[in-house]
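Thank you all for coming.

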Amino acid sequence: MSGRDERVVRELVGAHGQTYAQEAGIRLKDTPQPLYRLLVLAHLLSARIRASIAVATARALHEAGLRDPRRMADADWQERVDALGRGGYRRYDERTATQLGDAAELLTERWGGDLRRLREEADGRTDELRRLLQEFPGLGPAGADIFLREVQRVWPETAPLLDAKALQGAERLKLPKDPGRLLETAGGTEPAVLAAALVRAATDKDVAEDVLARAEQ
């Protein structure tokens, strides 16, 4: 590892070392409601929309009481559309409202509303977790990776995980693209925190430029 790389990672984590779950006000624990809220957040973040809007929308859904699969499924379609709109998620609100309702019904019917049962079904295999997550309507490969990237804080079998989007951030920052070397450079930083910071660099050119400028001072 190089001193330059260590400085870049230190500046990155210092300024942007917050998971998206934290930003959305989710106190992530291995219990049904926080895990469900993370699933919804991953769905929202996977669309072609600014992360800040997805995070604000996750908060709006929570404030509307749509914080568990039963309440999400029981809400009528317009109620979900209105909550999405209050978060600023207007471009995809109608389709997403339908997908969130269908996904909540699937989670309730197949796994009793508890994502820990999905975890048990995967039997410790991250590739199987990724496959099962994509059974939820609207949650494709990107959404599954977002969920796994964040849930590694409480599902240790998925850690350490730096997905393709995080590695794009490393490339933009001219850091090693090897996950092992990145984690070594980051020292004691949690993989989920490092991954979220790298994703912010991947999705926001200003973040990357600011970090690089600070590291060179």
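Let me begin with how helix axes are handled: axes are lines fitted to C-alpha atoms, for helices over the stretch in contact, and angles run from 0 to 180 degrees between N-to-C directions. Helices here are DSSP runs (H or I, at least four residues), numbered from the N terminus. Please keep in mind that this is a predicted model, in which local features need pLDDT of at least 70 and side-chain atom pairs count only at pLDDT 80 or more, while totals for chains, interfaces and linings use all residues. Residues are numbered from 1 along each chain as its sequence is written, and side-chain values use heavy atoms, with hydrogens and water left out.

Helix α1, residues 3–16, packs against helix α14, residues 205–215, at an angle of about 125°, and their axes are 9 Å apart. On the α1 side, the contact (heavy atoms within 4.5 Å) involves R4, R7, V8, E11, L12 and H16, and on the α14 side V207, V211, L212, R214 and A215.

Turning to the rings, a search of the whole structure finds three aromatic pairs, where rings of Phe, Tyr and Trp (its six-membered ring) pair if their centres lie within 6.5 Å, and planes under 30 degrees apart count as stacked, over 60 as edge-to-face and the rest as tilted. Y89 and Y92 form a tilted pair, because their ring centres are 6.1 Å apart and their planes are at 50°. Both Y89 and Y92 are buried, that is, under 20% relative accessible area, with exposed being over 50% and partly exposed in between (1.4 Å probe, protein chains only). F147 and W155, by contrast, have ring centres 5.7 Å apart and planes at 70°, so that pair is edge-to-face; both F147 and W155 are buried.

Terms used:
Helices (H or I, at least four residues) and strands (E, at least two) are DSSP runs, numbered from the N terminus.
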